[in-house]
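Reader: I'd like to go through some side-chain contacts with you. Can we start with the charged ones?

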Amino acid sequence: MDELTLKMIYDALVAGTIGASVYDSPPGQAEGLPLANFPYVVIGLDGSRAWDTDDLLGKDIDIYLHVWSRYKGTVEARRILDHIYSTLHRGTLSITGLHVVDCLLAFTQIYLDPDGVTHHGICRYKLLVQEE
C-alpha cells in the first residue's frame, strides 16, 4: 500500500470512535504485556493490483486490519470490528491526491491466540482508488 492510502486509512480509523489505539506497525510486545496496552488495531500487510483506465491510474488494494484484545470473550474484538466496518465499508474516505471509488468489507474472523488469552480479529477490505 502506498503511503497516501495508508495515511487515509489510518486517519479515518483514528478519527472514528473505534475504542482502540491504531498502529501501522505492531507495537513492541514484551512477555506479560499489561492489559492496559489492549485493545489495539494494526494496519497489516496488503496487496494491490493495477486498476488503470485509458486516462486514469488506479489500484485495487486488499487491506488487512488486525484487532488484538485480551477481554474475556470476543465482545470487545467484535465491537471494534463493527466500528471499523462503520468507518470503512462504503464510507466517505478522502485524501488529497486520491479518489476513492469504493471500499468494501471482504471478510472478518476472530481467533483465540495460542496463549489462550488474546483474541485476534482479522478483517480484509477491498479498496478501489484512482489518482487525482
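Predicted model: local features only at pLDDT ≥ 70, side-chain atom pairs only at ≥ 80, totals over all residues.

Reader: What makes aspartate 60 and lysine 126 a salt bridge?

Author: Their closest N and O atoms are 3.0 Å apart, and the term asks for a side-chain nitrogen of Lys or Arg within 4 Å of a carboxyl oxygen of Asp or Glu. So the pair qualifies. Aspartate 62 also meets lysine 126 in a salt bridge, at 3.7 Å from N to O.

Reader: Why is aspartate 60 called buried?

Author: Buried means under 20% relative accessible area, exposed over 50%, and partly exposed in between (1.4 Å probe, protein chains only). Aspartate 60 has 12%, so it counts as buried. Lysine 126, at 29%, is therefore partly exposed.

Reader: And the rings: why is the pair of tyrosine 23 and tyrosine 40 called edge-to-face?

Author: Rings of Phe, Tyr and Trp (its six-membered ring) pair if their centres lie within 6.5 Å; planes under 30 degrees apart are stacked, over 60 edge-to-face, the rest tilted. Here the centres are 5.8 Å apart and the planes at 80 degrees, so edge-to-face it is.

Reader: What makes phenylalanine 38 and tyrosine 40 a tilted pair?

Author: Their planes are at 45 degrees, with the centres 5.4 Å apart, so that pair is tilted.

Conventions: Residues numbered from 1 in each chain as written. Heavy atoms only, no water.
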